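Please have the coordinates open as you read, and tell me where you see things otherwise.

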Amino acid sequence: MYSSSLADAPVIREPLHAPVAHLVRGGVIEGVHHGSVVVRGAGGDVEFQLGDIEAAFYPRSALKPLQAVAMLRAGLPLDGELLSLAAASHSGEERHLAGTRRILELAGLTEDDLRNVKDMPYGPAVRDTWIREGREPSRLAHNCSGKHAAMLYTCKLNGWSLDDYLAPEHPLQQAIAEIIEDLTGQRIARVTVDGCGAPLFSVSLHGLARAAARITTAVPGTPEARVADAMRDHAEMASGADRDVAALMRAVPGLLAKDGFEGVQVAALPDGRAVAVKISDGANRARIPVAAAALARAGVDPALLTEFAGEALLGGGEPVGSVRPVRALDPVTVRACA
């Protein structure tokens, strides 16, 4: 544990988001994405912030690495690909389904024991294939099924009940809440239910970045370090073959990155530098360009981040614009104007 002293829970309020990205078409700003960004230095100081980094918000799946740390602390004996899958928002590829089945087999359980909602695969290409083949939604295909299988395995090992493992008062979820508070350094503001059916804990964007930094700077062999190693070494298992978050981890040596629904992105380097992003309208198209600009602000070589500058906007099939971080966030623009 890091400290018995925790900061108060972040305040629940309307976040004071600021413009973080412009949708530029033909040299004209066609749209504006608001949000919040925090950049923490290796020493833990906030080196840059935009918007509201202290308001309570839901990190969604960006909390999965923290949940995986909690499960390891509770005795979950996974490493490598299967541990990466336990912290995944996977695309529903066959390797993801096979890995989830393997975790269930280790626990002596089956897909019928999963209590996450049924869904089609998250990866667009995989989902399209399922639709063409007439396949139905399943609990296994849901992007959170690896996490749920790991949760069940953890419960089985501890002799905890399985039927109610998603209840906030269950010993597993209480253990997860404790680790989330420990790693973020603050009390949880509110608990609700995530899309998959698991409890979802509200912290601050600053707290999320702090937790990511604590995971990547942990002593080798600790639960935190094991999660970081598994996700970095098996980035496609934590996401999917064509996912931007896997490409980001491949592009930047030592980077741990995790995305979350509603425009959330967190990333941290082994020296403790970390960034966290929340796009207020949940727009996925702004998430990665803003996160890449934040990483450049944190000192990552911009040359490593060029492929994450944002998808081109098309006009008549030809590029006519893009999503661009605002000037205040773009370190290249800031240097040029200095």
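This is a predicted model: local features need pLDDT of at least 70, side-chain atom pairs count only at pLDDT 80 or more; totals for chains, interfaces and linings use all residues.

1. Let me start with G27, which lies in the loop between strand 1 (18-25) and strand 2 (28-40). Helices here (H or I, at least four residues) and strands (E, at least two) are DSSP runs, numbered from the N terminus. G27 is exposed, its relative accessible area being 69%. On that scale, buried means under 20% relative accessible area, exposed over 50%, and partly exposed in between, with a 1.4 Å probe and protein chains only.

2. Residues are numbered from 1 along each chain as its sequence is written, and side-chain values use heavy atoms, with hydrogens and water left out.

3. Most residues other than glycine have a negative phi, and most peptide bonds are trans. R60, in the loop between strand 4 (56-57) and helix 1, has a positive phi of about 55° although it is not a glycine. E262 has a positive phi as well, of about 65°, and is not a glycine either. E262 sits in the loop between strand 8 (256-260) and strand 9 (264-268), and it is partly exposed, with a relative accessible area of 42%.

4. Helix 1 comes next. Nine of its ten residues are buried, so the helix is mostly covered. The buried set is K64, P65, L66, Q67, A68, V69, A70, M71 and L72. After helix 1 comes G75, with a positive phi near 105°.

5. L97 is buried, at a relative accessible area of 1%. Leaving aside residues up to four places away in sequence, L97 touches G92, W130, R135, L140 and A141, where contact means heavy atoms within 4.5 Å. The C-alpha atoms of L97 and P121 are 9.9 Å apart, and the two residues are separated by 24 residues along the chain.

6. What about the cysteines? A disulfide is a covalent bond between the sulfur atoms of two cysteines. A search of the whole structure finds zero disulfides, the criterion being a pair of cysteine sulfur atoms within 2.5 Å. C144 is in no disulfide, and its nearest cysteine sulfur, that of C196, is 4.0 Å away. C144 is buried, with a relative accessible area of 4%. For C155, the closest cysteine sulfur is in C196 at 14 Å, too far for a bond. C155 is buried too, at 0% relative accessibility.

7. Helix 6 (residues 171-184) has 14 residues and reaches 20 Å from its first C-alpha to its last, close to the 20 Å expected at 1.5 Å a residue. The expected span is 1.5 Å times one less than the number of residues. Ten of the 14 residues in helix 6 are buried, including L172, I176, E181 and D182. The cover over the buried residues of helix 6 includes helix 1 (64-73), helix 5 (145-158), strand 6 (199-201), strand 7 (203-204), helix 7 and helix 8. Just after helix 6, G185 has a positive phi of about 80°.

8. Helix 7 has twelve residues and reaches 17 Å between its first and last C-alpha, close to the 16 Å expected at 1.5 Å a residue. Helix 7 is mostly covered, with eleven of its twelve residues buried; among them are H206, R210 and T216.

9. Finally, how do helix 7 and helix 8 cross? The axes of helix 7 (residues 205-216) and helix 8 (residues 223-233) come within 7 Å and cross at roughly 90°. Axes are lines fitted to C-alpha atoms, for helices over the stretch in contact, and angles run from 0 to 180 degrees between N-to-C directions. Helix 7 and helix 8 are therefore roughly perpendicular to each other, a label given to angles of 65 to 115 degrees, with under 35 roughly parallel, over 145 roughly antiparallel and the rest oblique. R214, I215 and T216 in helix 7 meet E224, A225, A228 and R232 in helix 8. The residues of this contact divide into three nonpolar, one polar and three charged. Here Ala, Val, Leu, Ile, Met, Phe, Trp, Tyr, Cys and Pro count as nonpolar, Asp, Glu, Lys and Arg as charged, and the others, Gly among them, as polar.
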